[in-house]
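Open the model in your viewer and show the whole chain. The tour below goes from the overall outline to single side chains.

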Amino acid sequence: MLLPGLGFVALMIGFPLADTLWLSLQHFSFGSSPRFAGLANYGQLLHDAKFWQGLRVTFALYLLSLAMQLMAGLYLALLLHRTRVMQG
């Protein structure tokens with residue numbers, strides 16, 4: 001009974017992933033049909049300053065969020081550690 005479930009999950013993850021990778025290799029403009037571009041899209045991405053700026057901002061927000069979550073978790077853990085359950 002495990003195999004059908006795993007197959008379903010593999011299809012639900014694998015098909016969209018494969019389709020996204022295939023679409024990333026296409027050049028598309030609205031009003032025209034897509035044509036194969038190969039890795040040219042990724043080459044343009046590596047030379048795009050806006051991409052690198054966006055990646056830096058995303059990484060900074062990730063670090064800020066991680067630090068805030070760690071501080072909040074530590075604060076709550078210390079608060080719960082001090083609380084005595086069912087004791088006056």
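Predicted model: local features only at pLDDT ≥ 70, side-chain atom pairs only at ≥ 80, totals over all residues.

Colour by burial next: 2% of the 88 residues count as buried.

Now hide the surface and look at the C-alpha trace. Along the principal axes, the C-alpha atoms fill a box of roughly 75 × 50 × 20 Å. The radius of gyration of the chain is 24 Å, whereas a compact globule of 88 residues would have one near 12 Å.

Switch to a cartoon view.

Select L17, L21, L39, Y42 and L45. Together they form a nonpolar patch on the surface, with about 480 Å² of accessible area. Helices α1 (2–24) and α2 (40–46) are the elements that each give two or more residues to this patch.

Where does L39 sit? Zoom in on the loop between β2 (35–36) and α2, which holds L39. Its relative accessible area is 63%, above the 50% cut-off, so L39 counts as exposed.

Last, select the aromatic rings. The chain has four aromatic pairs. One of them is F51 with W52: the ring centres lie 5.0 Å apart and the planes meet at 70°, so this pair is edge-to-face. The cut-off for that label is over 60 degrees. Are these two residues buried, exposed or in between? F51 is partly exposed, at 26% relative accessible area, and W52 is also partly exposed, at 34%.

Technical notes: Residues numbered from 1 in each chain as written. Heavy atoms only, no water. Patch = residues over 30% accessible without salt bridge, like charges linked within 9 Å, V, L, I, M, F, W, Y side chains within 5 Å. Areas by Shrake-Rupley, 256 points an atom, 1.4 Å probe, with all protein chains shown as cover. Salt bridge = Lys/Arg side-chain N within 4 Å of Asp/Glu carboxyl O. Helix = DSSP H or I, 4+ residues; strand = E, 2+ residues; numbered from the N terminus. Buried < 20%, exposed > 50% of the residue type's maximum accessible area, 1.4 Å probe, protein only. Phe/Tyr/Trp six-rings, centres within 6.5 Å; stacked < 30°, edge-to-face > 60°. Rg over C-alpha atoms; globule rule 2.2 N^0.38 Å.
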